[in-house]
Amino acid sequence: MSINIKDAQDVFKDAGESVDFVILNLKRENVEKEREVIAEFADLQNSIINSMRIRNQNDQLAVAWGFSSDAWDYLFPNADKPKELAPFKEIKGQKYTAPSTPGDLFFHVRAKINAVVYEVLDQFMDILRPITTVVDETHGFRYLEGRAIVGFIDGTENPAGVESMDYTLIDSDDDPEFANGSYAFAQKYNHNMDAWKALPTDEQEKTIGRRKFSDRELEEDEKSPNAHNIVSKDEEGGVEHKIVRMNVPFSDPSKDHTGTYFIGYSKSFHITNTMLTNMFTKSDRLLDFSTAVTGTMFFIPSKSVLEKIADGDL
C-alpha cells in the first residue's frame, strides 16, 4: 500500500467554522474553450489557495474540488478514468429514496472565517463563471460544540488526523494513475425540525444510537432497531469499513428551512454506497425527520493529476 498525503487535496475531517459547498454545471457550448478554462483553473487554483494561506495564516483554509463522471467524459474523452468514477444511481427503499442529481464540478471550501471562504470562491468563479452555471450553493457553519444540527456530536467514529488518509486516498496498488485522489459523495438533507424537537431526548438518543450530552454510545439493546449508527455502517466479518464524513449544518431560520449537507470522502465509493444503501433500504430512523434532496458523486484528483490537466496532458 502506498499513498502520498502531500499529493492529496484536503479530504480530511475538518468541517471548518465557515463552509461553502458549490456544484456547477458546464455550459457545454464549446468543449475546447471549456477545456482550456479548466486547464487554466487547474493551473491557478493552487496559487490562489497558497496566497490566501499566506495572507491569513491562522484561518485554516482547506479546499477540495473535483469532477463528476459526466464532466470527466465530456472534458477528457480520450483519457483513462478513475476505476469507480460513475454516475450515482438512485437508491430507493420501501419508505425513502436517495435521489441522484446532476452536477459537473464540486467545491468544498472551509475556513475559520467566512471572508476567507468568500475570497477564495470569488477568485475561483472569476475564472469559471464564463463556462458554468450554478446547480447549488450551500453555506454551512459549525454548530455548537461541533454538533450536527440535530444536536448530537458529529463524526465521533471518524478516522482522525493523518490516519484518515488511509481511508480517503486511493492507493497506488489499486489505481496507480489516480493514486492520492479521493471519491466524494455530496448529499443535501432538509430536516423537519419541529418534529425532531418534539421527540423526547431519550427517543432522539435511540434514533441516533448515542447519548446526546455525553456522546457515549448506547448499548445495543437500548437503540432503535434501525438506529442511525447501526444501519449506516459498512461492516463485513466484524470489520467496519470507514470513510471520512462531515455533516455540515445550514439554515435560514426565518424561512424555517434547516438541513444538513453531508460530504463523505473515501478511497472506494463502494464503501460509501454500501452505507447509503443500508440507510435507505433499512429505513434509517433518522430519515423519518430528514429528506435527501440531492446526491452526486465526484472524483477529487491528486495534485499531480491536476498538474496534468493544467498542462493539457489529459
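Me: Why does Glu307 count as exposed?

Reply: In this predicted model, Glu307 has 51% relative accessibility. Exposed means over 50%, so Glu307 counts as exposed.

Me: What makes the contact between Asp104 and Arg28 a salt bridge?

Reply: The N to O distance between their side chains is 2.5 Å. The cut-off is within 4 Å, so the pair qualifies as a salt bridge. Asp104 lies in the loop between strands S4 (97-98) and S5 (105-111), and Arg28 in the loop between strand S1 (18-26) and helix H1 (31-55), 76 residues apart.

Me: Why is Asp104 called buried, and why is Arg28 called partly exposed?

Reply: Asp104 has a relative accessible area of 3%. Buried means under 20%, so Asp104 is buried. For Arg28 the value is 36%; partly exposed covers the range between the buried and exposed limits, and Arg28 therefore falls there.

Me: How do you know that Arg129 and Asp126 form a salt bridge?

Reply: Their side chains meet at 3.9 Å, N to O. The limit is within 4 Å, so this pair counts too.

Me: Which side chain of opposite charge is nearest to Asp175, and why is there no salt bridge?

Reply: The nearest is Lys83, 5.2 Å away. A salt bridge needs a nitrogen to oxygen distance within 4 Å, so Asp175, although buried, has none. Lys83 is still among the residues that Asp175 touches, including Pro82, Ile170 and Tyr183.

Technical notes. Residues numbered from 1 in each chain as written. Predicted model: local features only at pLDDT ≥ 70, side-chain atom pairs only at ≥ 80, totals over all residues. Heavy atoms only, no water. Buried < 20%, exposed > 50% of the residue type's maximum accessible area, 1.4 Å probe, protein only. Lys, Arg positive; Asp, Glu negative; His and termini not counted. Contact = heavy atoms within 4.5 Å. Helix = DSSP H or I, 4+ residues; strand = E, 2+ residues; numbered from the N terminus. Lists of a residue's contacts leave out its neighbours within four places in sequence.
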